[in-house]
Amino acid sequence: MSDEKLVSQSPSDNQNFIEALITEQQHSGELKGKVITRFPPEPNGFLHIGHAKSICLNFGLAEQFGGDCHLRFDDTNPAKEDQIYIDSIQEDVKWLGFDWSGEVRYASSYFDQFYAWAVNLIEQGLAYVCDLTPEEASEYRGWATKPGKPSPYRNRTVDENLALFEKMRAGEFDEGACVLRAKIDMASPNMNLRDPILYRIRKAHHHQTGDKWCIYPSYDFAHGQEDAIEGVTHSICTLEFQDHKPLYEWFIEQLPVPSKPKQYEFGRLHMNYTVMSKRKLKQLVDEKVVSGWDDPRLFTLSGLRRRGIRPEAIRTFCDGLAVAKTDGIVDIAQFEYAVRDDLNQHAYRAMCVLNPLKVTLTNIDDTQMLTLPHHPNEPSMGEREVPFTKEIYIDKADFSTDTTLGRKKFKRLVLGDYVRLRGAYVIQAKDIVTNDQGDITEVIAEIVEGSLGANPKPEQKPRGVIHWVSATDAVPCELRLYSSLFTEEFPEAGEGHFLEKANKDSLTVVKGFCEPALASAKAESNWQFEREGYFVADRYDHSQDTPVFNLTIDLKASR
């Protein structure tokens with residue numbers, strides 16, 4: 001890309017610190033080429049909402065400044081990696097609405113170069129093969145307040161280290177027998193500089209390189225060199241990598257890398273009422289607390305997608321988060337607000353009765369087809385046909401025989417009083433039918449003639465509006481009602497294991513009845529079931545024969 005095409009911005013008070021930094025670098029001439037960022041996930045798990053913040057930041061900066069963002073898998077630990085994670089990560093990034101520059105990149109593509117650079121460090125006397133056991137190495141490393149002490153193998157000759165490293169590569173040593181370490185400073189107050197590991201022996205099949213290698217670079221060794229090979233200008237990491245920055249810079253300075261990337265840190269996303277550690281998410285899956293990585297109760301991106309949260313809502317949420325140099329906890333209510341606001345604008349409207357009570361309308365016989373809007377404020381979303389029949393279902397909670405209930409307290413159907421059916425007539429409850437146990441099984445009612453699309457007489461004024469479906473034409477459906485997986489605000493805090501704090505009632509499955517057209521709803525289509533909540537047609541299980549809808553979120557905040 002030529003300089004004429006570079007997107008340069010003027011400083012703005014609305015910019016976060018990274019945007020302001022890039023703007024200043026462009027204006028000062030420090031940044032001479034285009035901005036290149038990268039999103040570098042390890043393919044050892046599914047992405048979660050915290051990753052979404054990083055995705056939006058890295059891809060967003062590239063878009064904003066006319067640069068490129070690379071998708072690169074840091075696949076340096078084959079024992080924990082799998083192709084399923086690689087595929088899901090690519091799908092999640094695209095689902096969020098982003099695309100990477102060029103081909104997908106892999107750390108493993110650079111393994112030959114990493115090996116050559118490790119040899120370079122040995123030849124400079126800056127790396128050595130160490131035979132300490134992990135327990136011994138930990139003891140030698142010291143503590144934050146206590147300097148480490150040199151490994152007894154630290155002064156091996158260059159020739160000896162080169163020979164041993166070649167034997168490591170050839171598979172002549174068992175796993176754990178030795179490692180290659182950088183020779184930096186065992187007394188450094190920064191623990192990451194106390195002769196960190198560059199290579200470990202791992203006799204594991206790699207999903208990209210097969211069995212070519214039995215030694216693999218550490219993430220710390222690969223990280224900066226990958227950025228340098230790819231010409232990354234802004235290597236943006238979360239704050240836990242701040243203490244690794246001196247090591248990142250040490251490698252860049254010691255090796256003949258083709259470019260000089262710089263690392264910048266920002267606060268990662270933490271939210272209450274959930275966990276976002278990949279290790280703990282995996283525990284939830286492995287212990288079958290949830291059905292899988294895409295369980296709608298998880299804050300994985302695949303879980304949020306299956307729950308019916310649109311990518312636009314996630315991007316709006318992430319764009320509203322502070323990009324700062326400190327960590328902080330975001331209240332889940334902020335996320336839920338973004339979800340409701342998005343669905344309120346974009347979800348189709350329909351009616352579904354979760355707890356049906358039959359109502360027989362004695363003064364009609366023929367079915368009428370009513371035309372209702374898909375959205376009251378968005379004519380462009382079209383209309384739907386809804387059958388109005390002699391027998392309908394309303395929700396049991398919308399009827400009472402207590403005639404003393406005030407209209408302000410109970411705005412639904414009361415025996416002897418009036419209510420309007422959504423998009424249809426005003427009706428009056430005349431009588432009830434009960435079973436042998438005294439339970440109400442049917443309400444006998446009448447429509448108020450002339451009340452379709454018009455107000456009735458003042459004495460027939462309805463208490464309120466309730467939803468309904470045709471009892472003869474409605475389609476049986478499965479409704480999966482999800483609530484928070486954790487009822488404690490900070491499930492990882494306090495006494496007890498976080499798995500013990502999982503809400504055992506976070507999923508309830510009920511059978512309901514929905515408008516007949518909903519059987520043909522597309523998978524992943526979003527719906528507001530009036531007065532019930534926002535739902536989504538399940539991504540996998542929904543079909544015309546068996547409609548399945550997942551509760552995305554309640555209509556109103558419950559916390």
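**View A. Helices α4 and α7 are roughly perpendicular to each other in this predicted model.** Helix α4 covers residues 111-123 and helix α7 covers residues 219-230. They pack at an angle of about 115 degrees. Angles of 65 to 115 degrees count as roughly perpendicular, so α4 and α7 fall under that heading. Their axes lie 11 Å apart. The crossing of α4 and α7 is right-handed.

**View B. Residues at the contact of α4 with α7.** From α4 come Q113, F114, W117, A118 and L121. On the α7 side they meet F221, A222, Q225, E226 and I229. By class, this contact has seven nonpolar, two polar and one charged residues.

**View C. The largest cavity, with its lining residues.** A search of the whole structure finds one cavity of 30 Å³ or more. The volume of the largest cavity is about 40 Å³. What lines the largest cavity? The lining consists of D220, H223, F241, H244, L247, Y248 and Q263. Helices α7 and α8 each supply at least two residues of this lining; α8 spans 245-254. By class, the lining has three nonpolar, three polar and one charged residues.

**View D. Helices α11 and α12 are oblique to each other.** Helix α11 runs over residues 311-319, and helix α12 over residues 332-346. The packing angle is about 135 degrees. Angles over 145 degrees would count as roughly antiparallel, and 65 to 115 as roughly perpendicular; α11 and α12 are therefore oblique. The axes of α11 and α12 are 9 Å apart. Helix α11 passes α12 in a right-handed crossing.

**View E. Residues at the contact of α11 with α12.** Helix α11 brings E312, A313, I314 and F317. Helix α12 meets them with Q334, F335, A338, V339 and D342. By class, the contact has six nonpolar, one polar and two charged residues.

**View F. E532 in the loop between β27 and β28.** Strand β27 is 526-529 and strand β28 is 533-537. Which residues does E532 contact, leaving aside its neighbours within four places in sequence? They are C352, L354, D395, H467 and L555. R297 is 235 residues from E532 along the chain. The C-alpha atoms of E532 and R297 are separated by 19 Å.

How values were computed. Residues are numbered from 1 along each chain as its sequence is written. This is a predicted model: local features need pLDDT of at least 70, side-chain atom pairs count only at pLDDT 80 or more; totals for chains, interfaces and linings use all residues. Side-chain values use heavy atoms; hydrogens and water are left out. Axes are lines fitted to C-alpha atoms, for helices over the stretch in contact, and angles run from 0 to 180 degrees between N-to-C directions. Helices (H or I, at least four residues) and strands (E, at least two) are DSSP runs, numbered from the N terminus. Angles under 35 degrees count as roughly parallel, over 145 as roughly antiparallel, 65 to 115 as roughly perpendicular and the rest as oblique. A crossing is left-handed if the near helix is turned anticlockwise from the far one by less than a right angle, and right-handed if clockwise. Contact means heavy atoms within 4.5 Å. Ala, Val, Leu, Ile, Met, Phe, Trp, Tyr, Cys and Pro count as nonpolar, Asp, Glu, Lys and Arg as charged, and the others, Gly among them, as polar. On a 1 Å grid over the protein atoms alone, a cavity is a set of points where a 1.4 Å probe fits but cannot get out, and a pocket is an open set with protein on both sides within 12 Å along at least five of seven lines; lining residues have an atom within 4 Å of a point. Grid points are joined across faces, edges and corners, and a volume is the space filled by probe spheres set on the points.
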